[in-house]
Amino acid sequence: MSTRSSTLTGRIMAAPSIIILFLWMIVPLGMTIYFSFLRYNLLMPGMEEWTGLDNYYFFLTDPAFFASLANTLLLVGSVLIITVVGGILLGLMLDQAIFGRGILRLLIIAPFFIMPTVNALVWKNLLMHPVSGMFAWIATSFGLQPIDWFSEAPLTAIIIMVAWQWLPFAVLILLTALQSLDRDQREAAQMDGAGPISIFFYITLPHLGRAITVVILIETIFLLTVFAEIFVTTGGGPGLATTNIAFLVYTQALLQYDIGGASAGGIVAVILANIVAIFLVRLIGKNLDR
Amino acid sequence: MEKTFKSPLKHIAFSVFAWLVGLMIFFPIFWMVLTSFKSELDAISMPPMFFDFDWTLANYVEVQARSNYFKFAMNSVVLSVGSTLIGLVFAVTCAWAMAFSPTKRTKNALLWMLSTKMMPPVGVLVPIYLVFRDWGLLDNRFGIMMVLFLMNLPIMVWMLYTYFKEIPKDILEAARMDGATMPKEILFVLLPMAVPGIASTMLLNIILAWNEAFWTLNLTTSDAAPLTAFIASYSSPEGLFWAKLSAASTMAVAPILIIGWFSQKQLVRGLTFGAVK
Amino acid sequence: MKHVMGVALCALLAGGVSFTANAQTKLTIATVNNGDMIRMQKLTDDFTAKHPDISLEWVTLEENTLRQRVTTDIATKGGQYDVMTIGTYEVPIWSEKGWLAPLDQLGADYDEADIMPAIRSAVSQDGQLYAAPFYAESSMMMYRTDLFEAAGITITDRLTWDQTLDIAKKLHDPANGVYGICLRGKAGWGENMALITTMGNAYGARLFNEEWKPEFDGPEWKAALSMYVDILGNYGPPGATSNGFNENLSLFNSGKCGMWIDATVAASFVSNPAESTVADKVGFTEAPCAETCTGANWLWAWNLGIPTGSQKVEAAQKFIAWATSKEYLELVASKEGWANVPPGTRISLYNNPKYLEAAPFADETLLAIDSADPINSTLKPKPYVGVQFAAIPEFQGIGTTVGQQFSAALGGSSSIEDALASAQSSTDRTMQRAGYY
């Protein structure tokens, strides 16, 4: 078999996607890098001038930058933990014989199909509203003070909404992985007198390793740029409580129309994303190449 | 049925528990749909009304009177399906090559593709807007389709790559022994094996494209505006709006939810990203 | 799989077919999803009947999204919209940059002189109209006459904020679902900042001094913010930090607010029995003062403008003339009643006995709009135009950031001092960066 020629065909076949993606990335990226060195406000056209690293200086010394960096990490981390743990538990649950399991599975995966905007609108107005929301009613019927979610626990509220949206994704992948688990192995362990907890930790969990990696990888990509939920509900506040990097760049670009600053912010976000990517590569290198 | 319960009582108890959990997760969607059939005053009544209210379609009529739902829905269908089909052409070839003739740099190329997705889109809005303006692509279905296709291409390639990698290579070699040429090899031997993976990639991408709310809102005006733009006019209207909001939301998510439910078997089959060996 | 492909194909075909030729001039109109605008959208047929060669395409968006869309488009000359709905904040900035086409073909019977002088000057440059006001508003207090009576309160003179606080204490009865006062708490330069800035004006504060330096660290702002946090935090509804105009309107209409200080346009909603449970129990009075009454009520108008470079200026002007004419007011009156016409823009409306009869709030609205002056709105001199905003491009960002800080102070996650200090430092940074000093 002619390895060389098939490698060549392979390259030719892979080329269009790579080239087009490369262009898609490099053209805007190039423009963004260029803008990031300019003093460029969309509302003051014709005033563009070279400012060197000024935009970076302003973006990185902005107190909002560190707050939003922390919020981004907190948001991504919390949602990952909730969805992975919740996904495993729900996966184990759905792996049992349950009456109407097919329909139940439909209900559980439904949030994945919901637009982020709609998700945020429904949670904000119908569920978390402190006067007429469902949660307020539940709290008052237990004689408790309703929680004013978006002022008392704004980031938690965002985390709940985003986690709700991504939980089904984790469930789907982890459930598929669970169903591929070798039953003989589990039964053999049971024969040896292993309890359900040790079976879980010594057989099930290691088997799920790759699936968990995949969930973390794919979700991280989307969670780093969570925007719609914040835009619709809290607008990044109160204060900076729910401003993540994506939202901070948004305030630069579309509230201050400071394209130079927003471009610098975008570049910083790319660099941060690549740090995360390197971290993920390590994780994957360990888990996916087995 | 993966496991069975020894006693039927346990079986029932566990089923009840599982259903409670499932209903809780589904509750926000259920509540949204239910509220869309209420009058505005019933929608905010305390305690909440479950089924004992006057069911009405008035909200749907009102929403449709204000904005032509079908135009938006049609755009959503065209954009999500169109971008996915364009994407498949590129992603299948690319993933195919990466899976069957990998080079040293394949894995790096893949991860680099994925990392392009981590940049906040708003950071490049103005550059893209300027390019789109110059090329006359603003509010143009083809333009938005291209953006959505490029947005999702990394995920598509990744998903297909992981699926193709699981296809046993010996089949390929056997076919080559028989003198099959490359196109034939793809068409008759491998494609049939790859269909489930392609199908679920396609479905996942239709969902992602349908729900993409940044580019579709900022690069469209009216001709190409999909349901994400439709919902943007309801996010804080005047007066009592809970029921109308719910109706508009239900209309915006219903098509994709129904498609998702009907095709969930196909979706799940390939949605493993190589997580299952 | 097959049926999915089938659907896809059909969709693509259908998409292709809908590209039909259209000989008409199609105007794309970007507008905000407020009640009056939605009413206008419903009256499209009247316009197209008079101008069969013009068709209208509406793009209705929520306020923040609308603003970001039209600003991006006009600044990059994207040419997506033929008519834009813009506020009195944008008009002076944009017309100065030459982004707006002058409205010089509104027709002989348009009667420009009939537009309220304060509004007309806000949307004109050197006497030339650059946008036409669709509706205009100031701010005033709406209160529940029944609750005031029960508490034995009568209003004689214009209230001060201290008196308002006392009344709020008396009316506050959360156990029975009545909160003393409802005010805007949602962060945003057009939301909580509109109110807080008028409070600041009343306490003698200003956004910037003559050198364009922010003054949030001064005692005036501290007094204003302390009052705001005290009155709304202690005697307001729960969840006040997420209440904007619409949320407060719902609260007031369902009888949960003793007082509400907000836009004068709310008057027609709260006194409409179809929407409001307290329609016959609402009184209107001017917004409270403190040290001064100067700038204690804001001035705002939503206007229709045309971006320069639009190929359809002529048709667009025909549309604007229709939508902001006296005849349009009569059209709305004939369909929805006089109380529902877009208020605040035309003097003749306030001389119309039918309107005065249908709108018990007309006098107070007129008084409020007439007393608001975008030039002299602070006790001390200021370099900017605008009562509740500063008409400079940077203000949108500043107002939103500061609004977030004040909302954090209201929610209790930050102290009043900290909120003011970070408002000061972030505004200072922005102004410095923009090159004001």
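Guide: Gladly! Keep in mind that this is a predicted model. Let us start with chain B, whose secondary structure comes to 13 helices and zero strands.

Visitor: Why is chain B called more spread out than a compact globule?

Guide: For 277 residues the globule rule gives 19 Å, and the radius of gyration of chain B is 23 Å, well over that value, so chain B is more spread out than a compact globule. The C-alpha trace of chain B spans about 75 × 70 × 30 Å along its principal axes.

Visitor: How much of chain B counts as buried, and what makes a residue buried?

Guide: A residue is buried if 20 or more other C-beta atoms lie within 10 Å of its own. In chain B, 54% of the 277 residues count as buried.

Visitor: Which residues have the most contacts inside the largest nonpolar core?

Guide: They are Ala95(B), Val157(B), Leu160(B) and Met142(C), in a core of 316 residues. Leaving out residues up to four places away in sequence, Met142(C) touches several others, among them Phe252(C), Trp260(C) and Phe284(C).

Visitor: Now to chain C. Why are α9(C) and α17(C) called roughly perpendicular?

Guide: Helix α9 (residues 192-202) of chain C and helix α17 (residues 395-411) of chain C pack at an angle of about 80 degrees, with their axes 9 Å apart. Angles of 65 to 115 degrees count as roughly perpendicular, and therefore α9(C) and α17(C) are given that name.

Visitor: Which residues meet there?

Guide: From α9(C) come Asn192(C), Met193(C) and Ile196(C), and they meet Gly399(C), Val402(C), Gly403(C), Phe406(C) and Ser407(C) in α17(C). By class, this contact has four nonpolar, four polar and no charged residues; Gly counts among the polar ones.

Visitor: How many residues join chain C to chain A?

Guide: The contact pairs 24 residues of chain C with 24 residues of chain A. Here α17(C) gives the most to the chain C side, with eight residues. That side has seven nonpolar, 15 polar and two charged residues.

Visitor: And what makes up the contact of chain A with chain B?

Guide: It takes 82 residues from chain A and 83 residues from chain B. On the chain A side, the largest share, 17 residues, comes from helix α1 (residues 3-36) of chain A. By class, the side of chain A that touches chain B has 61 nonpolar, 18 polar and three charged residues.

Notes
Residues are numbered from 1 along each chain as its sequence is written. Chains are lettered from A and ligands numbered from 1 in the order in which they are written. This is a predicted model: local features need pLDDT of at least 70, side-chain atom pairs count only at pLDDT 80 or more; totals for chains, interfaces and linings use all residues. Two residues are in contact if their C-beta atoms, placed from the backbone, lie within 7 Å. Helices (H or I, at least four residues) and strands (E, at least two) are DSSP runs, numbered from the N terminus. The radius of gyration is taken over C-alpha atoms; the globule rule is 2.2 Å times the number of residues to the power 0.38. A residue is buried if 20 or more other C-beta atoms lie within 10 Å of its own, exposed if 12 or fewer, and partly exposed in between; C-beta atoms are placed from the backbone. A nonpolar core is a set of buried Ala, Val, Leu, Ile, Met, Phe, Trp, Tyr and Cys residues joined through C-beta atoms within 7 Å. Axes are lines fitted to C-alpha atoms, for helices over the stretch in contact, and angles run from 0 to 180 degrees between N-to-C directions. Angles under 35 degrees count as roughly parallel, over 145 as roughly antiparallel, 65 to 115 as roughly perpendicular and the rest as oblique.
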